[in-house]
Amino acid sequence: MGRVPADLTLGDDELVVAEVFGPTFQGEGPSLGRRAGFLRLGRCNLDCSWCDTPYTWDWDRFDPATELRHEPVASILARLDAMAPEIVVITGGEPLLQQRRLIPVLEGCAARGWPVEIETNGTIVPDERVVALVRRWNVSPKLANSGVPFEQRIRSEALAALRATGRAEFKFVVAEADDLGEVAELVDAHGLNPVWVMPEGTDPITLLDRSQKLADAVLERGWNLTSRLHVLLWGDQRGR
Ligand code: SF4
(Lines give C-alpha, C1' and ligand atoms only; values in the text may rest on other atoms or scores of the structure.)
Protein backbone atom coordinates (compact mmCIF):
# COMPACT_ATOMS: atom_id res chain seq x y z
CA MET A 1 0.00 0.00 0.00
CA GLY A 2 1.37 3.42 -0.92
CA ARG A 3 2.02 5.63 2.03
CA VAL A 4 -0.28 8.57 2.72
CA PRO A 5 1.07 11.51 4.73
CA ALA A 6 -0.92 11.99 7.91
CA ASP A 7 -0.39 15.71 8.34
CA LEU A 8 -2.24 17.02 5.31
CA THR A 9 -5.45 18.87 6.10
CA LEU A 10 -7.16 20.14 3.00
CA GLY A 11 -9.37 23.11 2.36
CA ASP A 12 -12.73 22.40 0.69
CA ASP A 13 -11.60 23.62 -2.73
CA GLU A 14 -8.08 22.18 -2.66
CA LEU A 15 -6.35 19.07 -3.96
CA VAL A 16 -3.11 17.40 -2.92
CA VAL A 17 -0.93 18.22 -5.92
CA ALA A 18 2.54 17.03 -6.88
CA GLU A 19 2.94 18.91 -10.17
CA VAL A 20 1.02 20.99 -12.70
CA PHE A 21 3.11 21.08 -15.86
CA GLY A 22 3.05 21.75 -19.57
CA PRO A 23 2.49 22.44 -22.29
CA THR A 24 4.03 19.12 -23.21
CA PHE A 25 2.98 16.05 -25.20
CA GLN A 26 0.88 13.20 -23.95
CA GLY A 27 3.67 10.64 -24.01
CA GLU A 28 1.76 7.35 -23.87
CA GLY A 29 -1.20 5.53 -25.30
CA PRO A 30 -3.86 6.48 -27.84
CA SER A 31 -3.30 10.25 -27.52
CA LEU A 32 0.49 10.02 -27.83
CA GLY A 33 1.87 13.25 -29.26
CA ARG A 34 -1.10 15.49 -28.43
CA ARG A 35 -0.38 18.86 -26.83
CA ALA A 36 -1.36 18.51 -23.20
CA GLY A 37 -1.46 20.14 -19.81
CA PHE A 38 -0.76 17.75 -16.95
CA LEU A 39 -2.11 17.71 -13.42
CA ARG A 40 -0.22 15.20 -11.29
CA LEU A 41 -1.89 14.52 -7.97
CA GLY A 42 -0.13 13.30 -4.87
CA ARG A 43 -0.45 9.94 -3.10
CA CYS A 44 -1.03 6.40 -4.30
CA ASN A 45 -2.73 3.29 -2.92
CA LEU A 46 -0.10 0.95 -4.46
CA ASP A 47 3.70 0.82 -4.22
CA CYS A 48 4.98 -0.60 -7.50
CA SER A 49 8.66 -1.51 -7.41
CA TRP A 50 9.40 0.20 -10.73
CA CYS A 51 7.21 3.28 -10.15
CA ASP A 52 8.58 6.28 -12.06
CA THR A 53 6.81 8.82 -9.83
CA PRO A 54 7.71 7.61 -6.32
CA TYR A 55 7.96 11.24 -5.19
CA THR A 56 4.15 11.28 -5.15
CA TRP A 57 3.88 8.60 -2.46
CA ASP A 58 7.11 7.01 -1.16
CA TRP A 59 7.81 8.80 2.11
CA ASP A 60 10.73 6.52 2.92
CA ARG A 61 12.64 8.14 0.07
CA PHE A 62 10.94 11.53 -0.31
CA ASP A 63 9.59 14.23 1.98
CA PRO A 64 5.88 14.96 1.45
CA ALA A 65 6.37 18.48 2.80
CA THR A 66 8.68 19.11 -0.17
CA GLU A 67 6.94 17.04 -2.84
CA LEU A 68 3.27 17.83 -2.26
CA ARG A 69 1.23 20.97 -1.78
CA HIS A 70 -2.38 21.95 -1.32
CA GLU A 71 -3.52 23.80 -4.42
CA PRO A 72 -6.90 25.47 -4.94
CA VAL A 73 -8.94 24.51 -8.00
CA ALA A 74 -8.83 28.09 -9.33
CA SER A 75 -5.03 28.07 -9.24
CA ILE A 76 -4.85 24.72 -11.06
CA LEU A 77 -7.18 25.95 -13.79
CA ALA A 78 -5.27 29.22 -14.16
CA ARG A 79 -2.03 27.30 -14.66
CA LEU A 80 -3.66 25.08 -17.26
CA ASP A 81 -5.12 28.15 -19.00
CA ALA A 82 -1.60 29.45 -19.54
CA MET A 83 -0.65 26.26 -21.41
CA ALA A 84 -3.37 26.47 -24.09
CA PRO A 85 -3.64 22.68 -24.08
CA GLU A 86 -5.53 20.53 -26.58
CA ILE A 87 -6.17 17.98 -23.85
CA VAL A 88 -5.70 17.78 -20.10
CA VAL A 89 -4.18 14.68 -18.52
CA ILE A 90 -4.83 13.99 -14.85
CA THR A 91 -2.40 11.51 -13.38
CA GLY A 92 -0.55 10.65 -10.20
CA GLY A 93 0.10 8.81 -8.02
CA GLU A 94 -3.46 7.56 -8.12
CA PRO A 95 -5.78 10.45 -9.00
CA LEU A 96 -9.00 8.66 -8.08
CA LEU A 97 -7.99 8.83 -4.41
CA GLN A 98 -9.20 12.43 -4.71
CA GLN A 99 -11.91 11.93 -7.27
CA ARG A 100 -14.71 13.88 -5.60
CA ARG A 101 -12.42 16.88 -5.17
CA LEU A 102 -11.57 16.58 -8.87
CA ILE A 103 -15.11 17.38 -10.02
CA PRO A 104 -14.66 21.20 -10.02
CA VAL A 105 -11.43 20.80 -12.01
CA LEU A 106 -13.24 18.57 -14.51
CA GLU A 107 -16.10 21.07 -14.77
CA GLY A 108 -13.59 23.86 -15.39
CA CYS A 109 -11.96 21.84 -18.17
CA ALA A 110 -15.35 21.11 -19.73
CA ALA A 111 -16.23 24.82 -19.67
CA ARG A 112 -13.01 25.52 -21.59
CA GLY A 113 -13.62 22.76 -24.15
CA TRP A 114 -10.65 20.64 -23.05
CA PRO A 115 -11.11 16.87 -23.25
CA VAL A 116 -9.77 15.22 -20.08
CA GLU A 117 -7.93 11.92 -19.78
CA ILE A 118 -7.48 10.30 -16.38
CA GLU A 119 -4.66 7.83 -15.83
CA THR A 120 -5.51 5.31 -13.13
CA ASN A 121 -4.21 2.01 -11.82
CA GLY A 122 -7.71 0.55 -12.11
CA THR A 123 -8.26 -0.32 -8.45
CA ILE A 124 -10.87 2.34 -7.55
CA VAL A 125 -14.46 2.48 -8.82
CA PRO A 126 -14.99 5.88 -10.50
CA ASP A 127 -17.76 8.16 -9.24
CA GLU A 128 -20.61 8.62 -11.76
CA ARG A 129 -20.15 12.40 -11.75
CA VAL A 130 -16.50 11.95 -12.61
CA VAL A 131 -17.27 9.45 -15.37
CA ALA A 132 -19.61 11.97 -17.01
CA LEU A 133 -16.79 14.52 -17.29
CA VAL A 134 -13.92 12.30 -18.52
CA ARG A 135 -13.29 11.75 -22.23
CA ARG A 136 -10.86 8.85 -21.88
CA TRP A 137 -9.69 6.52 -19.14
CA ASN A 138 -6.13 5.27 -19.45
CA VAL A 139 -6.31 2.29 -17.12
CA SER A 140 -3.07 0.59 -16.19
CA PRO A 141 -3.61 -2.60 -14.17
CA LYS A 142 -0.38 -3.74 -12.58
CA LEU A 143 1.33 -7.07 -13.24
CA ALA A 144 3.27 -9.29 -10.84
CA ASN A 145 6.41 -7.41 -11.95
CA SER A 146 5.13 -4.49 -9.82
CA GLY A 147 5.74 -6.48 -6.65
CA VAL A 148 2.23 -5.57 -5.40
CA PRO A 149 0.08 -8.47 -4.11
CA PHE A 150 -2.57 -9.61 -6.60
CA GLU A 151 -5.53 -8.80 -4.35
CA GLN A 152 -4.37 -5.18 -4.04
CA ARG A 153 -3.53 -4.52 -7.68
CA ILE A 154 -6.43 -6.32 -9.42
CA ARG A 155 -9.91 -5.20 -8.36
CA SER A 156 -12.63 -6.76 -10.48
CA GLU A 157 -15.34 -4.28 -9.54
CA ALA A 158 -13.19 -1.30 -10.46
CA LEU A 159 -12.09 -2.81 -13.78
CA ALA A 160 -15.71 -3.64 -14.62
CA ALA A 161 -16.85 -0.10 -13.80
CA LEU A 162 -14.09 1.43 -15.91
CA ARG A 163 -14.83 -0.93 -18.80
CA ALA A 164 -18.52 0.00 -18.54
CA THR A 165 -17.72 3.66 -19.25
CA GLY A 166 -17.08 2.64 -22.86
CA ARG A 167 -14.19 5.11 -22.88
CA ALA A 168 -11.44 3.07 -21.24
CA GLU A 169 -8.19 1.82 -22.77
CA PHE A 170 -6.15 -0.74 -20.87
CA LYS A 171 -2.40 -0.21 -20.81
CA PHE A 172 0.04 -2.73 -19.40
CA VAL A 173 3.62 -1.92 -18.48
CA VAL A 174 5.73 -4.83 -19.69
CA ALA A 175 9.43 -5.48 -19.22
CA GLU A 176 9.76 -8.60 -21.39
CA ALA A 177 7.73 -10.79 -23.71
CA ASP A 178 7.28 -13.40 -20.98
CA ASP A 179 4.93 -10.93 -19.24
CA LEU A 180 2.46 -11.02 -22.13
CA GLY A 181 0.90 -14.31 -21.00
CA GLU A 182 -0.02 -12.68 -17.71
CA VAL A 183 -1.51 -9.74 -19.61
CA ALA A 184 -3.60 -12.17 -21.67
CA GLU A 185 -4.95 -13.84 -18.52
CA LEU A 186 -6.10 -10.50 -17.12
CA VAL A 187 -7.53 -9.38 -20.45
CA ASP A 188 -9.55 -12.60 -20.78
CA ALA A 189 -10.66 -12.72 -17.13
CA HIS A 190 -11.96 -9.14 -17.11
CA GLY A 191 -12.94 -8.59 -20.76
CA LEU A 192 -10.47 -5.73 -21.20
CA ASN A 193 -10.36 -4.02 -24.59
CA PRO A 194 -8.64 -2.24 -26.29
CA VAL A 195 -5.26 -3.35 -24.97
CA TRP A 196 -2.03 -1.36 -25.12
CA VAL A 197 1.37 -2.71 -24.21
CA MET A 198 3.98 -0.22 -23.08
CA PRO A 199 7.62 -1.14 -22.46
CA GLU A 200 8.88 -0.33 -18.99
CA GLY A 201 11.86 2.00 -19.07
CA THR A 202 13.00 5.51 -18.20
CA ASP A 203 15.72 5.93 -20.81
CA PRO A 204 15.47 5.87 -24.63
CA ILE A 205 17.84 2.93 -25.18
CA THR A 206 15.95 0.63 -22.83
CA LEU A 207 12.62 1.69 -24.34
CA LEU A 208 13.73 1.04 -27.91
CA ASP A 209 15.31 -2.31 -27.03
CA ARG A 210 12.20 -3.53 -25.22
CA SER A 211 9.87 -2.19 -27.91
CA GLN A 212 11.73 -4.14 -30.57
CA LYS A 213 11.60 -7.31 -28.47
CA LEU A 214 7.86 -6.93 -27.79
CA ALA A 215 6.60 -5.71 -31.17
CA ASP A 216 5.96 -8.96 -33.04
CA ALA A 217 4.40 -10.71 -30.04
CA VAL A 218 2.07 -7.75 -29.44
CA LEU A 219 0.98 -7.79 -33.09
CA GLU A 220 0.35 -11.54 -32.94
CA ARG A 221 -1.97 -11.10 -29.99
CA GLY A 222 -3.97 -8.38 -31.75
CA TRP A 223 -2.98 -5.61 -29.34
CA ASN A 224 -1.53 -2.11 -29.62
CA LEU A 225 1.99 -0.96 -28.74
CA THR A 226 2.82 2.44 -27.30
CA SER A 227 6.13 4.08 -26.63
CA ARG A 228 6.84 6.80 -24.05
CA LEU A 229 7.43 9.92 -26.11
CA HIS A 230 8.43 12.10 -23.16
CA VAL A 231 11.16 9.61 -22.22
CA LEU A 232 12.45 9.50 -25.81
CA LEU A 233 12.59 13.31 -25.84
CA TRP A 234 13.64 14.18 -22.31
CA GLY A 235 14.68 11.03 -20.43
CA ASP A 236 13.25 10.86 -16.92
CA GLN A 237 13.19 14.64 -16.28
CA ARG A 238 10.36 15.65 -14.04
CA GLY A 239 7.67 17.96 -15.35
CA ARG A 240 8.09 17.06 -19.03
S1 SF4 B 1 0.07 2.69 -9.29
FE2 SF4 B 1 1.27 4.08 -10.59
S3 SF4 B 1 1.80 5.82 -9.24
FE4 SF4 B 1 1.11 4.13 -7.92
S5 SF4 B 1 3.00 3.09 -7.31
FE6 SF4 B 1 2.20 2.02 -9.14
S7 SF4 B 1 3.21 3.01 -10.90
FE8 SF4 B 1 3.49 4.36 -9.10
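The structure holds 18 salt bridges, a salt bridge being a side-chain nitrogen of Lys or Arg within 4 Å of a carboxyl oxygen of Asp or Glu. The model is predicted: local features need pLDDT of at least 70, side-chain atom pairs count only at pLDDT 80 or more, and totals for chains, interfaces and linings use all residues. Residues are numbered from 1 along each chain as its sequence is written, and side-chain values use heavy atoms, with hydrogens and water left out.

**Salt bridges**

| Pair | Closest N and O atoms |
|---|---|
| Arginine 79 and glutamate 71 | 3.0 Å |
| Aspartate 209 and lysine 213 | 3.0 Å |

Accessibility is described in classes: buried means under 20% relative accessible area, exposed over 50%, and partly exposed in between, with a 1.4 Å probe and protein chains only. In the pair of arginine 79 and glutamate 71, glutamate 71 is buried at 4%, whereas arginine 79 is partly exposed at 32%.

Aspartate 127 lies in the loop between strand S5 (116-120) and helix H4 (128-131), and arginine 100 belongs to helix H3 (residues 99-112), so the pair ties together parts that are 27 residues apart in sequence. Helices (H or I, at least four residues) and strands (E, at least two) are DSSP runs, numbered from the N terminus. Aspartate 127 is buried, with a relative accessible area of 12%, while arginine 100 is exposed at 55%.

Aspartate 209 and lysine 213 are both in helix H8 (residues 204-220); they are four residues apart, which means a separation of about one helical turn. Aspartate 209 is partly exposed at 34%, and lysine 213 is exposed at 58%.

Salt bridges also link Glu28, Asp52, Lys171 and Arg228 in a network.

**The ligand site**

The ligand sits in the largest pocket. A pocket is an open set of points on a 1 Å grid over the protein atoms alone, where a 1.4 Å probe fits, with protein on both sides within 12 Å along at least five of seven lines. A molecule sits in a pocket if more than half of its atoms lie within 2 Å of its grid points.

Among the residues around the ligand are Cys44, Cys48, Cys51, Trp50 and Trp57; a residue is counted if one of its heavy atoms lies within 4 Å of the ligand. The shell has six nonpolar, three polar and two charged residues. Here Ala, Val, Leu, Ile, Met, Phe, Trp, Tyr, Cys and Pro count as nonpolar, Asp, Glu, Lys and Arg as charged, and the others, Gly among them, as polar.

Technical notes: 1 Å grid on protein atoms, 1.4 Å probe; cavity = no way out; pocket = protein on both sides within 12 Å on 5 of 7 lines; lining within 4 Å.
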